[in-house]
Amino acid sequence: MSKQIFVLNGPNLNLLGTREPDIYGHTTLAELKAMCESRAKSRGLEIFFEQSNSEAQILDWIHQAIDGADGIIINPAAFTHTSVAILDALNNVKSPIIELHISNPHKRESFRHVSYVTAAATGLIAGLGVNGYVVAIDAMADMLAAK
Ligand code: DQA
């Protein structure tokens, strides 16, 4: 049976493509989803790719991943900098977690320099644009193959 990874995206990422394109680029969320599906397929992984503006929904998906996913790639977006609840949820996940940011938050405003999520993450990818998702899927596939 092939392994399944969750790729979870937080608030405002539904606006990708038109949202501050100088920071986040021109790729839409639908295009990003297609990119991720194609890379996951080529690496033999099943993928559950979702975005929500609701913290509660993201928490529910993380809870679903506790028993239902072999790995999580998560771009918590602004919740990165605010959400103890997402950290607490991720602390229940035994499989690898990659925290991902399209931009490099450390080059930006100081409130973006704090991540509540990093403490639960196996690894962190930031500043590579949407290509970071492809890098994350490859890294996740390599980690899962090595298990
Ligand atoms: C982001 C960085 C966050 O600071 C910001 O709030 C986002 C997106 C990124 O992908 O670069 O919404 O997570």
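Which side chain meets Glu109 in a salt bridge? That would be Arg112, with an N to O distance of 2.7 Å. Keep in mind that this is a predicted model.

**Salt bridges**

- The count comes to 5 salt bridges.
- In the Glu109 and Arg112 pair, Glu109 is partly exposed at 36% relative accessible area, while Arg112 is buried at 18%.
- Asp138 pairs up with Arg39, and their closest N and O atoms sit 2.7 Å apart. Asp138 belongs to helix 5 and Arg39 to helix 2, so this bridge ties together parts that are 99 residues apart in sequence.
- Asp138 counts as buried, with 17% relative accessibility, whereas Arg39 is partly exposed at 31%.
- Asp142 and Arg43 make another salt bridge, at 2.6 Å from N to O. Here Asp142 is in helix 5 and Arg43 is in the loop between helix 2 and strand 2 (46-51), so parts 99 residues apart in sequence are again tied together.
- Shared partners link Arg39, Arg43, Asp138 and Asp142 into one salt-bridge network.

**Nonpolar cores**

- The largest nonpolar core has 24 residues, and the ones touching the most other members are Ile5, Leu32, Ile73 and Tyr133.
- Strand 1, helix 2 (29-42), strand 4 (97-101) and helix 5 (131-146) each give two or more residues to this core, with helix 5 providing the largest share, 6 residues.

**Ser95, tucked into a loop**

- You'll find Ser95 in the loop between helix 4 (84-90) and strand 4, where it is buried at 11% relative accessible area.
- Its side chain reaches the backbone oxygen of Ala69 at 3.5 Å.
- Not counting residues up to four places away in sequence, Ser95 touches Ala69, Asp70, Gly71 and Lys147.

**Positive phi angles**

- Most residues other than glycine have a negative phi, but a couple here go the other way.
- Asn12 has a phi near 75 degrees, and Glu20 has one of about 30 degrees.
- Asn12 is in the loop between strand 1 (4-9) and helix 1 (21-24), and Glu20 is also found between strand 1 and helix 1.
- Asn12 is partly exposed at 34% relative accessibility, as is Glu20 at 40%.

Conventions. Residues are numbered from 1 along each chain as its sequence is written. This is a predicted model: local features need pLDDT of at least 70, side-chain atom pairs count only at pLDDT 80 or more; totals for chains, interfaces and linings use all residues. Side-chain values use heavy atoms; hydrogens and water are left out. Helices (H or I, at least four residues) and strands (E, at least two) are DSSP runs, numbered from the N terminus. Buried means under 20% relative accessible area, exposed over 50%, partly exposed in between (1.4 Å probe, protein chains only). A nonpolar core is a set of buried Ala, Val, Leu, Ile, Met, Phe, Trp, Tyr and Cys residues joined through side-chain atoms within 4.5 Å. A polar contact is a pair of N or O atoms within 3.5 Å; within protein, one must be able to donate a hydrogen and the other to accept it, and residues adjacent in sequence count only if both atoms are side-chain atoms. Contact means heavy atoms within 4.5 Å. A salt bridge is a side-chain nitrogen of Lys or Arg within 4 Å of a carboxyl oxygen of Asp or Glu.
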